[in-house]
Protein chains: 2
Amino acid sequence: MKAKLLALALLASTQLYAQNDSLTMRKLSDDILLNGTCYDNLRVLCKQVGHRLSGSLQAAKAVAWGQQALEAAGADKVWLQAVDVPHWVRGKERLSLRFEGEKTFKDVKVLSIGNTVGTDGKVLEAPVVIVKSIEDFRLMNKEDVKGKIIFFNYRFRQDLVNTFEGYGDAGKYRWLAPNMAAAQGAAGVIIRSVSTGTDDEPHTGSMRYADTVKPIPAVAIGNHTADALEQACIKGNVTAQIQSDCKMLGTARSYNVIGEIKGSTYPDKIVMVGGHLDSWDVGEGAHDDGAGCVQSIEVIRALKAAGIRPKYTVRAVLFMNEENGLKGGMAYADSAKAARETHIFAIETDAGGFSPRGFSLEMKPEQRAQITQYKKLFLPYGIYDFEQVHGGADISPLMKQGVPVGGLIPDAQRYFDLHHTHADVFEAVNHRELKMGAVALTNLVYLVSKYGLR
Amino acid sequence: MKAKLLALALLASTQLYAQNDSLTMRKLSDDILLNGTCYDNLRVLCKQVGHRLSGSLQAAKAVAWGQQALEAAGADKVWLQAVDVPHWVRGKERLSLRFEGEKTFKDVKVLSIGNTVGTDGKVLEAPVVIVKSIEDFRLMNKEDVKGKIIFFNYRFRQDLVNTFEGYGDAGKYRWLAPNMAAAQGAAGVIIRSVSTGTDDEPHTGSMRYADTVKPIPAVAIGNHTADALEQACIKGNVTAQIQSDCKMLGTARSYNVIGEIKGSTYPDKIVMVGGHLDSWDVGEGAHDDGAGCVQSIEVIRALKAAGIRPKYTVRAVLFMNEENGLKGGMAYADSAKAARETHIFAIETDAGGFSPRGFSLEMKPEQRAQITQYKKLFLPYGIYDFEQVHGGADISPLMKQGVPVGGLIPDAQRYFDLHHTHADVFEAVNHRELKMGAVALTNLVYLVSKYGLR
């Protein structure tokens, strides 16, 4: 064991980069900051395609856009990979509340949670029961739940510095609460949005009904509306009406969009970078994850523009259906397995187009040691955090096959103000922050496609 | 020498913090993120006071606001420190351009550079001569400059990762170019704004005429207008009209606003944190430097709310007139000297209310070593950069007296899109980013006011 540790330490201490790598990285950075096309690409995606939920017409337009953008970036080869995706539609939706002592219902801002059922256009009216948490809900009697609309009033924990930790904590109210309430015979669910926002934007997002429950409608309200509803529930009885056309239409044919630069020495071994092309059906999917798509395309463009021929094949993948099915990520991994492709590293960018701070890494210790060695090369770009251990949703099926994975870590203080809302638009992305993310990704892909990964 | 280095190394290695400090820092962070008032304070300052150039009525309102806010924060003592400031007014201003082949002049977006003279309401009309840089200007013959309006078309260097470096580089076109042009007999100056923006916002900011030149009007245009003017100058002759009421009205009485918590052990020794209360006369001075003011006030509030009685006196200073005179910073240092006050540390927050990344430090090596030792305590808050060597403008007079100084370093990718423009408004500040800056400052002030500085 001691010998193994020693060998590991020795391996980790072997410098696996050259003096001139820092110069090449600077050259790549200069080019991206001065001539990068990712910000312009994002403008086109957001403004000419717009939001693009899997199965929608816009998603098809986004596929065509992605193909064109990868070709314009100079990829040696660009292709589409077929994938069947769920096709959910929102249609019209309405949440109306009547507080104690009021005669009429008042419409409030609302977004149904993705993948949920609607009311077939009928009005579902029921008393509202407020609960603070899943733990409190578990203490309730079934008869107090039956036929009611349960309002899960759980707040995103603003005290957590890492907002993704807060998302993991509050996100279960989107994933679990509708199933828990349905299992107890509730008529519907309202959740306080999974949101750090100081505004009243409702946040949509994914859920999946358990096979054991009869699906009930589930909707999200913004923080201001949730505050008002909380107060009203404390003061007296509240009745809600939910009316919506949400439904799952079945599956639709769609595509992952893939472009690559062929490796000079190991053309069959792949370094992959990717984001997802689909978005929710509100806003413009700018941070989530238009940013990741245009950054991945930028990696190809910048390497090509610098005349760098990587030893390993560099591949950019724009995944379809990350938001409500992950079918693109699964299809990609299945295809890689079937074709006996070897991925030596896959990195995802799906945490917003904000200033980058680091890379999360999920891989063997000696591989982590190698990449962490690059830290000093990345510090001039504000990249210092190599501690986190995870990859990303779309590359999780690859990871299960044993591929070393990672993720770009941007500063995420603003992310959950915007995530899955009408406010996630092009204007919310800063050109320099977006480009700095592309610089970070390009430079890491440059190093790994030159030296491989132990 | 070796002995001295050894002693220094030994000193630096002595741990000057306790295990429970990390718990106290977490408690302070939790409180600021959950209950902090800095974001609400900023809303009031921006929306009820608005922009507040030195000498203006709004600056006087801001003084009253600052006093009230420091009292509400629970400072033991709040007072005003008189300072005479320059009172410059913009009045109406207009820049009109007539390109070759056009019959009429067209108004473009413009902001006069602060402290400049106007045209007394008259129309100054002259041919435009474009120069790329100060170096190119130096090569020109005096007769080619005389009577002309010189357009300094220097671009902010987007390739520099540290935007403050870019600001230092391009900023000289605001400071130096008008004087250089005036010295050669130019009639006026147009500069491409000191701006990273993708928009057409002109950026104002300070300049000072050299005693040796006859003042001429100097104005700034946004990047789009500058691009158009550049093209027009390449294609043919361009004539410009400048008409403005800008003038210096003399001096006005104003105030620094100061609040403090008295130290328990060393009441006469001071740890100071501050930002500046004045702003340019456009936008709302949100990032510059409303953010720094409300963060400084938050330091007082958070320490008080946590029941922490610092050993050293903690003082928050809202400086007047950073933007166009620095009279507040000079008056504060003069007063400190006259009263024989000892400042053991002064830190400034005047680089925008963005996610913090570090502290710049300008002090003795052993003092720097002590604060750098705190790095591990700060890493959970995204604070990793302790390398930069500078303080801030308002505390530079203190530094000249030998006071160890520092500055909060936020992520500044967005700053020079907004800096000194109409767009620097409350909505451009994110609540969590602003608060994270306050957390960083509060925790550093907590440590230094507990342990002192070697």
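**Figure 1. Asp120(B), an exposed residue in a loop.** With 11 other C-beta atoms within 10 Å, Asp120(B) is exposed. (A residue is buried if 20 or more other C-beta atoms lie within 10 Å of its own, exposed if 12 or fewer, and partly exposed in between, with C-beta atoms placed from the backbone.) You'll find Asp120(B) in the loop between β4 (111-112) and β5 (124-131) of chain B. (Helices, H or I and at least four residues, and strands, E and at least two, are DSSP runs numbered from the N terminus.) Its phi is positive, about 55°, although Asp120(B) is not a glycine. Most residues other than glycine have a negative phi, and most peptide bonds are trans.

A word on the model itself: this is a predicted model, in which local features need pLDDT of at least 70, side-chain atom pairs count only at pLDDT 80 or more, and totals for chains, interfaces and linings use all residues. Residues are numbered from 1 along each chain as its sequence is written, while chains are lettered from A and ligands numbered from 1 in the order in which they are written.

**Figure 2. Arg340(A), a loop residue with a positive phi.** Arg340(A) sits in the loop between α11 (327-338) and β13 (342-348) of chain A. Its phi is near 55°, a positive value in a residue other than glycine. Is Arg340(A) buried or exposed? Arg340(A) counts as exposed, because it has 7 C-beta neighbours inside 10 Å.

Figure 3. In chain A, the peptide bond from Asp288(A) to Asp289(A) is cis, with omega near 0°. Asp289(A) belongs to helix α10 (residues 286-305) of chain A. Over in chain B, a cis peptide bond joins Asp288(B) and Asp289(B), with omega about 0°, and Asp289(B) is found in helix α10 of chain B.

**Figure 4. Gly292(B), buried in helix α10.** Gly292(B) lies in helix α10 (residues 286-305) of chain B. It has 31 other C-beta atoms within 10 Å, so it is buried. Which residues does Gly292(B) touch, not counting residues up to four places away in sequence? They are Gly275(B), His276(B), Thr349(B) and Asp350(B). (Two residues are in contact if their C-beta atoms, placed from the backbone, lie within 7 Å.)

**Figure 5. Ser254(B), buried in strand β10.** Look for Ser254(B) in strand β10 (residues 247-261) of chain B. Ser254(B) counts as buried because it has 28 C-beta neighbours inside 10 Å. Leaving aside neighbours within four places in sequence, the residues in contact with Ser254(B) include Ser54(B), Gly55(B), Met320(B) and Asn321(B).

**Figure 6. An open sheet in chain A.** This sheet has 8 strands in the order β3-β2-β9-β5-β6-β7-β8-β4 (chain A), with mixed pairing. (Two strands pair if DSSP finds at least two bridges between them.) β3 (106-108) and β4 (111-112) of chain A stand at the edges with a single partner strand each, so one side of each has no neighbour in the sheet. Strand β2 (residues 93-99) of chain A runs antiparallel to β3(A), and 3 bridges join them. Ser96(A) has Asp107(A) in β3(A) as its bridge partner.

**Figure 7. Helix α2 of chain B and its buried side.** Helix α2 (residues 21-35) of chain B has 15 residues and reaches 21 Å from its first C-alpha to its last, close to the 21 Å expected at 1.5 Å a residue. (The expected span is 1.5 Å times one less than the number of residues.) Its buried residues are Met25(B), Leu28(B), Ser29(B), Ile32(B) and Leu33(B). They cover an arc of only 125° around the axis, so they are on the same side of α2(B). (The arc is that of the directions from the helix axis to the C-beta atoms.) What covers them includes α10, α13 (375-378) and α16 of chain B. The face turned away from the buried side carries the exposed residues Leu23(B), Leu34(B) and Asn35(B).

**Figure 8. Where chain A meets chain B.** Here 23 residues of chain A are in contact with 23 residues of chain B. On the chain A side, the elements that give two or more residues are α2 (21-35) and α16 (431-451). The copies meet through the same surface, because 100% of the interface residues of chain A are also interface residues in chain B.
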